[in-house]
Amino acid sequence: MTTIVAIANQKGGVAKTTTTVSLGAALADLDASVLVVDLDPQGCLTFSLGHDPDQLQVSVHDVLLGEEEIADALLTTDDGVTLLPATIDLAGAEALLLMRPGREYALKRALADVAQDYDVILIDCPPSLGVLTLNGLTAAGSVMVPLQCETLAHRGVGQLLRTVTEVQQITNPDLQLLGAIATLYDARTTHSRDVLADVADRYDLSVINPPIPRTVRFAEASASGVSVLRGRKNKGAIAYRELAQNLWNHWTKGAELTAFDVEL
Ligand code: ADP
Ligand code: MG
């Protein structure tokens, strides 16, 4: 069984891409075979995994439009995950897909051809609730929502959760809301925890353990073309490994997901 997870939040800068890279690499280190999908025309996931979007001939854009086979677009990476890359072409896919029937199903159809080769597929959604994110949510079995633990983090969460509900009603009745991932978390003050408690309470959203601490290593990693897990030991990498283990136990052993207790 392949577990397909969309990582979505229409807010930019909440660590969707960082989570996709780091969690993907951590799952690969647990011996999972992992495919990561870049659904953002900015191509940050592609770049973070050591590929220059400007140099690619084939990308997720061609696959979504049915012009190339998905197998011909896949790339290997130094982090042990397979990548379906994005280029700036994807910015035009939105408009091109809009004119097609079944436009929300393009990614689901494409992934069906290779899904059996992977234990886990992580989909890095763009910072909007447009047709690309709808493709991600339609192709996935579950969705995780990275939340940056700062004031106003809740803004937009309601809209995202309404979109999830609409996808459940229309294109993907089986879509499961797995929970939030607390990112850029600062354990030294109570602020991060207060923000999480507020969001969890407002939207009845559980936070998957553990929170991911803020560390400068992430900025260095995204410029280097390999994940933070490959660099010197640091608390961000440790947190993503713990998150990967938590999810892996849930997916492979049916263990209950450990939630982060925001009220402590
Ligand atoms: P998104 O994909 O949601 O737009 P990114 O993953 O690109 O967000 O992250 C936005 C910025 O925050 C990047 O510069 C990234 O390096 C940085 N970042 C992400 N996670 C952390 C963290 N835990 N600590 C410090 N910086 C982080
Ligand atoms: Mg991103």
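The shell around ligand 1 is made up of eight nonpolar, eight polar and two charged residues. In this division Ala, Val, Leu, Ile, Met, Phe, Trp, Tyr, Cys and Pro count as nonpolar, Asp, Glu, Lys and Arg as charged, and the others, Gly among them, as polar. The shell holds 18 residues, and the closest to the ligand are A15, K16, T17, T18 and F218; a residue is near a molecule or strand if its C-beta atom, placed from the backbone, lies within 6 Å of it. Two or more residues of the shell around ligand 1 come from each of α1 (16-29) and α9 (217-224). Helices (H or I, at least four residues) and strands (E, at least two) are DSSP runs numbered from the N terminus.

The model is predicted, with local features requiring pLDDT of at least 70 and side-chain atom pairs counted only at pLDDT 80 or more, while totals for chains, interfaces and linings use all residues. Residues are numbered from 1 along each chain as its sequence is written, and chains are lettered from A and ligands numbered from 1 in the order in which they are written.

An unreviewed UniProt entry annotates residues 3-176 as "domain: AAA"; UniProt positions are given here in the numbering of the model, feature names are shortened, and annotations may be inferred rather than shown by experiment.

Strands of a sheet pair through backbone hydrogen bonds, either parallel or antiparallel. Here seven strands form an open sheet with mixed pairing, in the order β3-β4-β2-β5-β1-β6-β7; two strands count as paired if DSSP finds at least two bridges between them. Because β3 (75-76) and β7 (176-183) stand at the edges with a single partner strand each, one side of each has no neighbour in the sheet.

Within this order, β2 (residues 34-38) is joined to β5 (residues 120-124) by five bridges, and the two run parallel. V36 has L122 in β5 as its bridge partner. β2 also pairs with β4 (residues 82-84), again in the parallel sense, over three bridges, and L35 stands opposite T82 in β4. Five of the five residues of β2 are buried, so this strand is largely enclosed by the rest of the structure. A residue is buried if 20 or more other C-beta atoms, placed from the backbone, lie within 10 Å of its own, exposed if 12 or fewer, and partly exposed in between. In a regular strand the side chains alternate between the two faces of the sheet. In β2, V34, V36 and D38 point one way and L35 and V37 the other, and all are buried.

V145 stands opposite A180, and L147 stands opposite A182. Although β7 is an edge strand, six of its eight residues are buried.

Leaving aside residues up to four places away in sequence, A182 touches L147, C149, L196, V207, P211, I212 and F260, where contact requires C-beta atoms, placed from the backbone, within 7 Å.

The backbone has several exceptions. Most residues other than glycine have a negative phi, and most peptide bonds are trans. L152, in the loop between β6 and α7 (157-170), has a positive phi of about 75° although it is not a glycine. L152 counts as exposed because it has 9 C-beta neighbours inside 10 Å. L184, in the loop between β7 and α8, likewise is not a glycine but has a positive phi of about 50°. With 21 C-beta neighbours inside 10 Å, L184 counts as buried. The peptide bond from N209 to P210 is cis, with omega near 0°, and P210 is found in the loop between α8 (191-203) and α9.

Terms used:
Two residues are in contact if their C-beta atoms, placed from the backbone, lie within 7 Å.
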